[in-house]
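Here is a short briefing for a first look at this model. It covers a pocket, a sheet and a helix.

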Amino acid sequence: MTDQQPNRLARQLQRLDDVPAFARSWFRSVVLRRAVPFTGTAGLDFLEMGTGRVEIGIRNEKKVQNHIGGVHASAMNLLAETATGMVVGMNVRDDCIPLAKELKMAFKKRATGALRAVATLSDEQRAAMQASDKGEVTVPVIVTDEAGVNPVECEFVWAWIPSGPRKS
């Protein structure tokens with residue numbers, strides 16, 4: 001898909017391309033944590049932000065731990081939801097807003113250490129988001145821990161609607 005013009009979020013993040021590569025992830029995380037304060041509270045790290053792929057990490061720190069010292073289930077949900085929401089947000093038209101519609105999350109194994117979530121969209125999904133001012137998309141997300149294990153299996157359904165006033 002080569003003709004898609006970057007939307008507002010993608011254009012804002014492109015400004016960070018001038019930051020030296022070694023510091024880009026840190027600057028991106030600071031900017032996005034300010035835009036979505038709860039992600040800053042949890043300490044999410046915005047590692048890669050692209051229109052087809054978003055990768056976000058979370059460290060296993062006390063503020064996000066559960067009673068057994070792993071990343072709390074709610075923090076895992078935040079990680080996966082943010083990754084899927086950001087990849088949708090990088091593609092939705094500027095005259096639309098994304099809305100989380102449904103999530104499925106199955107906890108399969110105990111997580112070890114830090115986690116990473118990778119959410120992806122296909123070229124066809126991205127094209128559909130550009131072609132219509134209303135729709136929905138199922139966004140797969142893979143969550144992996146430091147041991148290379150996928151402690152949860154999840155997917156999110158995101159909708160997008162026009163951002164103007166609602167019609168009655």
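Ala, Val, Leu, Ile, Met, Phe, Trp, Tyr, Cys and Pro count here as nonpolar, while Asp, Glu, Lys and Arg count as charged. The others, Gly among them, count as polar. The model is predicted. Its largest pocket has a volume of about 490 Å³.

**The largest pocket**

- The lining of the largest pocket holds 24 residues.
- L9, V36, G85, M86 and G89 lie nearest the pocket centre.
- Two or more lining residues come from each of α1 (8-14), α2 (21-35), α3 (37-42), α4 (73-89) and β3 (96-107).
- α4 gives the most to this lining, with 6 residues.
- By class, the lining divides into 14 nonpolar, 6 polar and 4 charged residues.

**The sheet**

- Strands of a sheet pair through backbone hydrogen bonds, either parallel or antiparallel.
- β5 (residues 135-145) and β6 (residues 152-162) form an antiparallel pair over 8 bridges.
- P140 has E155, in β6, as its bridge partner.

**The helix across the sheet**

Definitions and conventions: Residues numbered from 1 in each chain as written. Predicted model: local features only at pLDDT ≥ 70, side-chain atom pairs only at ≥ 80, totals over all residues. Heavy atoms only, no water. 1 Å grid on protein atoms, 1.4 Å probe; cavity = no way out; pocket = protein on both sides within 12 Å on 5 of 7 lines; lining within 4 Å. Points joined across faces, edges and corners; volume = space filled by probe spheres on them. Helix = DSSP H or I, 4+ residues; strand = E, 2+ residues; numbered from the N terminus. Pairing = 2+ DSSP bridges.
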